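The sequence and structure are shown first.

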Amino acid sequence: MKNTINIKNRKAKFNYEFLDKYTAGIKLAGTEIKAIREGKASIAESFCEFSNHELFVINMHVEEYSHASHFTHDPKSSRKLLLQRRELRKLEKEVTNSGLTIIPLRLFINDRGLAKLQITLAKGKKLYDKRETIKDRESKRRLDRIQKEYK
């Protein structure tokens, strides 16, 4: 089974500094997984939140499956993330004590055909950090152009 589904959160790298990465399973309905396999999902504005010691992804948009009957899912509903208990405890402690946040980076289908979400414990960047990132990126581009001219 060839899986080419790889939905990324491109703005996350610009807005956050990553600390730890985890891979979590997602509890989905039948029409949700079918829509994700078609590539009809977005994690651009999503974030993760704890509720009763369980982790949920909020604002993850999964379009309705095109071939479904009237039993479809809500596109913006919160979905439970599946992690080991010790990972959940560690993440919850970090979020409550240090003021960090959990951001989804990548939604993909693994080799067994299951939907997985790569999440990261992240710290928000300040405006000057974002400017520094832009400056570094532009200087790297200039250096690459110069090196390309002399080769």
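Strands are DSSP runs of E of at least two residues, and they are numbered from the N terminus. In this predicted model, His53 belongs to the loop that connects S4 and S5. Asn52 is also placed in the loop between strand S4 (47–51) and strand S5 (54–58).

**Backbone of the loop**

Asn52 is not a glycine, yet its phi is positive, at about 55°. His53, likewise a residue other than glycine, has a positive phi near 60°. As to solvent contact, exposed denotes a relative accessible area over 50%. Asn52 is exposed because its value is 70%, and His53 is exposed because its value is 60%.

| Residue | Phi | Relative accessible area |
|---|---|---|
| Asn52 | about 55° | 70% |
| His53 | near 60° | 60% |

**The largest pocket**

What is the volume of the largest pocket? The computed volume is about 180 Å³. Its lining consists of Lys8, Asn9, Arg10, Ala12, Lys13, Phe18, Lys21, Leu105, Arg106 and Gln118.

Which elements each supply at least two residues of this lining? They are helix H1 (12–15), strand S2 (16–26) and strand S8 (101–109).

Sorted by class, the lining of the largest pocket comprises five charged, three nonpolar and two polar residues.

Note on methods:
Residues numbered from 1 in each chain as written. Predicted model: local features only at pLDDT ≥ 70, side-chain atom pairs only at ≥ 80, totals over all residues. Heavy atoms only, no water. 1 Å grid on protein atoms, 1.4 Å probe; cavity = no way out; pocket = protein on both sides within 12 Å on 5 of 7 lines; lining within 4 Å. Points joined across faces, edges and corners; volume = space filled by probe spheres on them. Helix = DSSP H or I, 4+ residues; strand = E, 2+ residues; numbered from the N terminus. Nonpolar A, V, L, I, M, F, W, Y, C, P; charged D, E, K, R; others polar. Buried < 20%, exposed > 50% of the residue type's maximum accessible area, 1.4 Å probe, protein only.
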